[in-house]
Every structure is written in C-alpha cells, then in structure tokens.
Amino acid sequence: PSCLCGFSSAHPRSSCWWLASLLLRVICTSSSSPSSSSSFSSPSFPMYQRRGVGGSRAGSLGTPLVLLDVNTRSPTRVLSENFLSLQLDPSIISDGWLVFLSSKRLVTLARGLSPAFLRFGGKRTDFLQFNNQKNLAKYRGPGPDYYLKNYDDVIFSCQHICMHKDCKTRHTTNVDLQLLCGFLPARSLDKLYNFADCAGLHLILGLNALHRNPDNSWNTSSTLTLLKYSAGKKYNISWELGNEPNAYRSMVGRAINSTQLAQDYTQLRTLLQSVRYYNRAHLYGPNAGRPRRNAILLLDGFMKDAGSVIDAVTWQHYFQDGGVKKVEDFLKTRLLDALREQMTKVAKVVSTHAPGKKVWLGGLGPAWSGGINNLSDTFAAAFLSVIFLTNVVILYYFFLNCDYWFSLVFKRLVGPRVLAVQVATVQRKPRTGRVIRGKLRIYAHCTSYSNHNYMRGSITIYIINLHRSRKKIKLAVTLRNNTVHQYLLQPYGNDGLRAKHVQLNGERLSMLDNETFPELKPKTLRAGRTIAMPPMTIGFYVLKNINAYACRR
C-alpha cells in the first residue's frame, strides 16, 4: 500500500502520540534472553591501583573506585537487529485510536526505533474476529475529540459469539461483553499494516485463539478469511495465536490445555502453508505468561508436541502488579533480578524439547493491569525498562515518556553484538558486592553500525546507577587510552524520579516538530578520565577509537 503518512523523507524521525499504554512491551528478538545482553562477572583481571595523595589508594577516601574492562576480542552473543521492538494493543481499535496511525508524529516516532517488530497483540487479541465488510460512511467531526467519542471502526455484533442483549450496542459499559463482540475490520487491518510499512516495522499479528467450536477445537474460519485477504494485499506479516493462554480459565472461564494448544498451532501452520503467499511465513508462540507453575506446565507440554511448529518461543514478564504506588518499588534490586530467574526457567523447558530454538520475550513492562497511574510513565519506571531494554512505547500522542527517549538512545548507539564485562573495586575495606552487585549495572555492546558518527570497531557501554550517591568508574587496561563520548540521561525538572521528561547531558529532550528529532549531542571525556555517574541516572558511553576486533567484522 502507498504510505498515508505524508512525511518528508529528508529526516526519517520525529514524534507521535503513543497509543497503547506501557502494554507495548516490545519483542525481545535475541537468540536468547535479553538479560544476557551484558552482565558483569566477578573480577578476573589484575586490579589497577592508583596512588592518591599521601600514598593512599584512589577510592580509599569517599566514593570507592570501580574498575571496568571489556573483552573486545569476541562477542558473547549476537542479538537480532530488531532487538527492542514495539507493541500495539488491539484495544486501540475499539477505543477509537486507530485513526491516529496515519499521524506524521506517530509514524516518525515509530520509525525512530526501526528496524523493529510491531506486535499487534494483547488481552483483546482473543476476542477479535476479522470482518471483510466495508464500514459505513461516517459523519465528519471536529478533529480528534470527534473520533475519540464516535469513531466506530469496530463493529460490535453478537450473532457469531453471544446473544446477550448488551452486546447489541457499541456503547455498553460491560467491557468483557464488548471484547466478546469485537471485530477486526479489513479497513483497520489496512491502516495497521500501512502504519508498520511506513515506519519500517515488521508486523506480527496476533490471532484469536478463543474462537472455538463446540468440541473446543479451534475455529479457523475467521483466520482463513484474514489470511486470504492479507495474501491478496501482499502484506508481509508474521503470526501469533492467542495471548497468555495459561490465563484463559481466570479470564473467560474456559481452559485450553497444552495438547489442544499444540494442535491449534499445528493447524495454523497447515493453514499458512495452504495459502501460497504465507507458506514460509514465521509463526511465534505460545506467548505464555510469567513462568509460574501453570504457565511452565503449559509451555512444557506445548514444546513437547509443537516445538518444531514454531519459529521462536515467546513469553511475557511483568515486574509487579498495578497496585504499586511508591517510586522506591521500581528501584528494588530483587525486581531487576527477577527476570533472569524467569528466563532460566523458560530456557530450561525449551532446551529440553527443542535445543537451539530461539526464545523471545514478547512482552515486558514495569507492571501489568495497564500499568501504574503517574508512575509507569516516569523516569523511575524507566530503570526497569533499561535493565532489559525490551519495553517501550506506543505511549501518548502529544507526550513522550521517558521510556521512549531511553529506547531511542539505545537504538542509535547500541548494536546487536554483546561483549563480556569485568569489574573490580578499589576501596579500603572491601565489602563483597555492596558497590557493584545489584545497584550498579554495567553492559557493553559493539556500537550500532547504522550510526554513521562512529566507525566500526567502536563500543558502547551503558551504566545504570541505582545508588543514592555518585559512583566513579575507571576504564582500565584495553579501554584506558580512548576518548569517550558521554550520553548521560537524567530526570528533567524538580520532580526527581517522578519526572516525566528527560535531559541528555543537561538539555531536555523534545521534538523540534512532528518530523524532526532533537540532535543527540554527546559530551566528550578525555582519554583516561574517570567516569562520574550521578545518583539515579543512566549513561551511555561510546569509545570511538578503540578499534575492537569483535566489532570490526
């Protein structure tokens, strides 16, 4: 389809009204879990000691000095170029937001994070059926307010699903019945695909797994119609089936066990192969929820019966529920470490039944239940995002939350090659782990090849300081004699961690207009200078002249 965006190609980025709340929770497209994206090991290299005044060692007074080195010989793993992706929840259809997918501002913001996947999925995935009927003509209204109240892109009907009287009207207050009576019109699919295409994103479309026959087998009629329509339009789409199937019993009172789910995915693979245009399309799943007992049992049975059917295993993780009200809860190290434990559980199941199969974190965010009001969009919540860099977006149209700017800087500076990090501390009375473990987190990658400001061979280190005091990091050994470009992200304004705006090296980040990003200006640190990380900040540091062997190829 032709792009309806209408933006100038002179500058490929700008801003937008991000739509789905922090449910986006991007798709982690690594060959393994994103937490492996650089963790530090215990010190295994000779400790660098610098004599201070009076013969005392550096760090013996005041802040301990952290020594940092990176293995630049070879990467520990290589992520996908699409790592850090986006999600749109299907609620944007029934809530009237779909009209904004043609916004220049929105398209430009999404394009700023490409290459990436756009996953169209969430709770409402399992309540939408494809409808190829043309929508009736609509009245013209006075801009966005009209569309928010009257845009009827979803036709609510009960004839195929339920006969409850409330289903016969679009404006019922019963959300569950609205979901049960939802349709995905062809017009909405066209807008969705056009948005992804204009933004340079690859669409992953979630299909309805709760459209069942009387014998509880999957009803494929709507899906087959959708596949034929999309193939006729030559839409390049990858596919998922269902969303968190382990939660169906609590959500709708109907359970689908692993055997039935495996049969459903096998049937979907057969459908894809029957449509010539999609006979090689990618299929991802089962998109299970947080790997607790029920989810692990479902995943185990599914992988045993259908592990060969899917191209990558997908699952979701949310750190906490929507009842959290304190900023401090976002800074707990046990939360930051929880994802690694969950990844280990998932990886163990996958390796048992399908060794080598890719594992993707299809959804990740600070909280489930739609996020946390006045917290999920603040600087504090972004710490959880940056730890695993899988979560971003589709936020709010005229406002950009902190997650977006962190993600943009990440995409500009961080490449897919992950490097091993080594750290040590110099202090008078060593206290194992107190300085490094938990609250000071250091990651290293090759610098993104798409950033033409840096030659191949550059590396990017990003550091998260959760301490309430400044921390000093000394680049040691192979890193010592290189000029460093600093990109330091801090909350903007007087709200501290509750700030909803970000400053980069002291300047607030904001769009210049709907199609123009601000220039991301680095601060140059001379070779050998100690990096000083202010408390509660996130910094990206590019070593531009290091010519790392792992990053040259």
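Domain bounds here come from an automatic or database domain assignment. The model is predicted.

**Stop 1: the second largest pocket**

Select domain 1 (65-76 + 422-551) and domain 2 (80-133 + 149-417). Each of them gives at least three residues to the lining of the second largest pocket. The volume of this pocket is about 710 Å³.

Now show its lining, which has 37 residues. To find the centre, pick Lys411, Arg412, Leu413, Ser450 and Asn451, the lining residues that lie nearest to it. Then colour the elements that give two or more residues to this lining: helix H12 (402-413), strand E13 (414-419), strand E15 (440-447) and strand E18 (484-491).

Colour the lining by residue class next. In the second largest pocket, 17 lining residues are nonpolar, 13 are polar and seven are charged.

**Stop 2: strand E18 and its partners**

Stay with E18, one of the elements on the pocket lining. How many of the eight residues of E18 are buried? Seven are, so the rest of the structure largely encloses this strand. For that count, buried means under 20% relative accessible area.

Select the strands that pair with E18, one by one.

- Strand E21 (residues 523-525) runs antiparallel to E18, and three bridges join the two. Look for Gln486, which stands opposite Lys523 in E21.
- Strand E23 (residues 537-543) pairs with E18 over six bridges, again in the antiparallel sense. Here Leu488 has Gly539 of E23 as its bridge partner.
- Strand E19 (residues 502-504) is joined to E18 by three bridges, and this pairing is antiparallel too. Gln490 of this pairing stands opposite Gln503 in E19.

Show the side chains along the strand as you go. In a regular strand, side chains alternate between the two faces of the sheet.

**Stop 3: Met536, on the way into E23**

Select Met536. It is found in the loop between strand E22 (531-533) and E23. Check its backbone: phi is positive, about 55°, although Met536 is not a glycine. Is Met536 buried or exposed? Met536 is buried, with a relative accessible area of 9%.

**Stop 4: the largest cavity**

Next, look inside. The structure holds three cavities of 30 Å³ or more. The largest cavity has a volume of about 150 Å³. It is lined by 16 residues, and those closest to its centre are Leu128, Gly206, Leu207, Asn208 and Leu226.

Which elements supply at least two residues each to this lining? Select strand E6 (128-131), strand E8 (201-207) and helix H6 (221-232).

**Stop 5**

Pick Thr225 in helix H6. This residue is partly exposed, with a relative accessible area of 38%. Draw a distance from its C-alpha to that of Asn131, and the separation is 8.4 Å. Along the chain, Thr225 and Asn131 are 94 residues apart.

Then step back to Asn216, in the loop between E8 and H6. Asn216 has a positive phi of about 75°, although it is not a glycine. Its relative accessible area is 23%, so Asn216 counts as partly exposed.

**Stop 6: two cis peptide bonds**

Where are the cis prolines to select? Begin with Ser114 and Pro115, which are joined by a cis peptide bond with omega about 0°. Pro115 lies in the loop between helix H2 (104-111) and strand E5 (116-120).

Move on to Gly285 and Pro286. A cis peptide bond joins this pair as well, and omega is about 0°. Pro286 sits within strand E10 (residues 283-288).

**Stop 7: helix H9**

Finish at helix H9 (residues 293-306), which has 14 residues. From first C-alpha to last, H9 reaches 20 Å, close to the 20 Å expected at 1.5 Å a residue.

Which residues of H9 are buried? Select Ala295, Leu298, Leu299, Gly301, Phe302, Met303 and Ala306. Turn the view along the helix axis and see where they point. An α-helix has 3.6 residues a turn, so residues three or four places apart point the same way.

Methods
Residues are numbered from 1 along each chain as its sequence is written. This is a predicted model: local features need pLDDT of at least 70, side-chain atom pairs count only at pLDDT 80 or more; totals for chains, interfaces and linings use all residues. Side-chain values use heavy atoms; hydrogens and water are left out. On a 1 Å grid over the protein atoms alone, a cavity is a set of points where a 1.4 Å probe fits but cannot get out, and a pocket is an open set with protein on both sides within 12 Å along at least five of seven lines; lining residues have an atom within 4 Å of a point. Grid points are joined across faces, edges and corners, and a volume is the space filled by probe spheres set on the points. Helices (H or I, at least four residues) and strands (E, at least two) are DSSP runs, numbered from the N terminus. Ala, Val, Leu, Ile, Met, Phe, Trp, Tyr, Cys and Pro count as nonpolar, Asp, Glu, Lys and Arg as charged, and the others, Gly among them, as polar. Buried means under 20% relative accessible area, exposed over 50%, partly exposed in between (1.4 Å probe, protein chains only). Two strands pair if DSSP finds at least two bridges between them. The expected span of a helix is 1.5 Å times one less than its number of residues.
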